Amino acid sequence: MDEQTINLVNVYPPNTDVERRTFFLILELFIARENETIFGGDFNSIMDNRLDKLGRDPNSRQAATYFLRPFYERYDLCDIWREQRKDERNYTWTGRMTSNHLFIPTRTDFFLTSRALNQFITAVEIKPYAHSDHDCITLEIDFDKVHRGLAIGILIMICLATLFSTRKLSSFGQVARKNLKTFLIL
């Protein structure tokens, strides 16, 4: 981990399967393959049809999962929450069916992390959050195990990622790539 850059990417793909597929194809243009990566956010998709959705047809409207799975396999990513809780059920968003008003909880918010980073991740949690229709997801990294320069770089990228919406992803990617050396010098 010494002197290594970590890509930290906040994602919020569109709701429709076709747009999500396009989103993940475009997102790959901004990923530096030589760096480890943490993706986090509302993926508007589930990773495990059996455990991440309760009620209704678990396969409905999940075509994006078929594009997401090869994406995380290409970058050797894992769903770190699921990795730590193999068969546990917990959900981050609850929708309501229009036909019968039943609630359908799903886990659409999660972190995908490079497997090489898992040794530094000490906790990943789903916590209730009253000010949104989504619960909060948290990830803790033991910075004592990570080179100090890297920690500062990660915190700067976290701040930058939260300033820009996914609609501005392409311009953010251009600015970040141009100024990346400046961020890492700190």
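**Strands, cores and aromatic pairs**

Analyst: Thr-106 is found in strand E5, which covers residues 103–106. The model is a predicted one.

User: Is Thr-106 buried or exposed?

Analyst: Leaving aside neighbours within four places in sequence, Thr-106 is in contact with Ile-46, Asp-52, Lys-53, Tyr-91, Thr-92 and Trp-93. A residue counts as buried under 20% relative accessible area. The relative accessibility of Thr-106 is 6%, so Thr-106 is buried.

User: Which residue stands opposite Thr-106, and how many bridges join E4 and E5?

Analyst: Strand E4, residues 93–96, pairs with E5 in the antiparallel sense, and in this pairing Gly-95 stands opposite Ile-104 of E5. The residue opposite Thr-106 in E5 is Trp-93, and the number of bridges between E4 and E5 is 4.

User: Which residue takes a positive phi in the hairpin of E4 and E5?

Analyst: The hairpin of E4 and E5 has 6 residues between the strands. A positive phi near 65° is found there at His-101.

User: In what order do the strands of the open sheet run, and which strands stand at the edges?

Analyst: The open sheet is formed by 4 strands with mixed pairing, and their order is E1-E2-E6-E3. Two of these strands have a single partner strand each, so one side of each is left without a neighbour in the sheet; the edge strands are E1 and E3 (77–79).

User: By how much are neighbouring strands of this sheet turned against each other on average?

Analyst: This value is an average over neighbouring strands of the sheet, and the direction of the strands is ignored.

User: Which residue stands opposite Cys-78?

Analyst: E3 and E6 pair in the antiparallel sense over 3 bridges. In E6, the residue opposite Cys-78 is Thr-113.

User: Where does Ser-114 lie, and which backbone nitrogen lies 2.6 Å from a polar atom of its side chain?

Analyst: Ser-114 lies in strand E6 and is buried, with a relative accessible area of 2%. Beyond four places in sequence, Ser-114 touches Glu-36, Thr-37, Tyr-75, Asp-76 and Leu-77. The side chain of Ser-114 makes a polar contact with the side chain of Glu-36 at 3.2 Å, while the backbone nitrogen that lies 2.6 Å from a polar atom of the Ser-114 side chain belongs to Thr-37.

User: What distance separates the C-alpha atoms of Ser-114 and Leu-77?

Analyst: Leu-77 is among the residues that Ser-114 touches. Ser-114 and Leu-77 are 37 residues apart along the chain, and the distance between their C-alpha atoms is 4.4 Å.

User: Which elements each supply at least two residues of the largest nonpolar core?

Analyst: The largest nonpolar core has 16 residues, of which Leu-27, Phe-39, Phe-43, Leu-68 and Leu-112 touch the most other members. The elements that each supply at least two residues of this core are strand E1 (6–11), helix H1 (17–27), helix H2 (63–74) and strand E6 (109–114).

User: How many residues make up the second, separate core?

Analyst: This second core is separate, and its members include Ile-6, Ile-80, Trp-81 and Phe-120. Its number of residues is 13.

User: Why does the pair of Phe-43 and Phe-110 count as stacked?

Analyst: Phe-43 is buried at 0% relative accessibility, and Phe-110 is buried at 1%. Planes under 30 degrees apart count as stacked. The ring centres of Phe-43 and Phe-110 are 4.2 Å apart, and the pair is stacked because the angle between its planes is 5°.

User: How many residues apart are Phe-43 and Phe-110?

Analyst: Phe-43 is in the loop between E2 and H2, whereas Phe-110 is in strand E6, so that the pair links distant parts of the chain. The separation of Phe-43 and Phe-110 is 67 residues.

Key
Residues numbered from 1 in each chain as written. Predicted model: local features only at pLDDT ≥ 70, side-chain atom pairs only at ≥ 80, totals over all residues. Heavy atoms only, no water. Core = buried A, V, L, I, M, F, W, Y, C linked by side-chain atoms within 4.5 Å. Buried < 20%, exposed > 50% of the residue type's maximum accessible area, 1.4 Å probe, protein only. Phe/Tyr/Trp six-rings, centres within 6.5 Å; stacked < 30°, edge-to-face > 60°. Contact = heavy atoms within 4.5 Å. Polar contact = N/O pair within 3.5 Å; in protein donor to acceptor, adjacent residues only side chain to side chain. Pairing = 2+ DSSP bridges. Axes fitted to C-alpha atoms, helices over the stretch in contact; angles between N-to-C directions.
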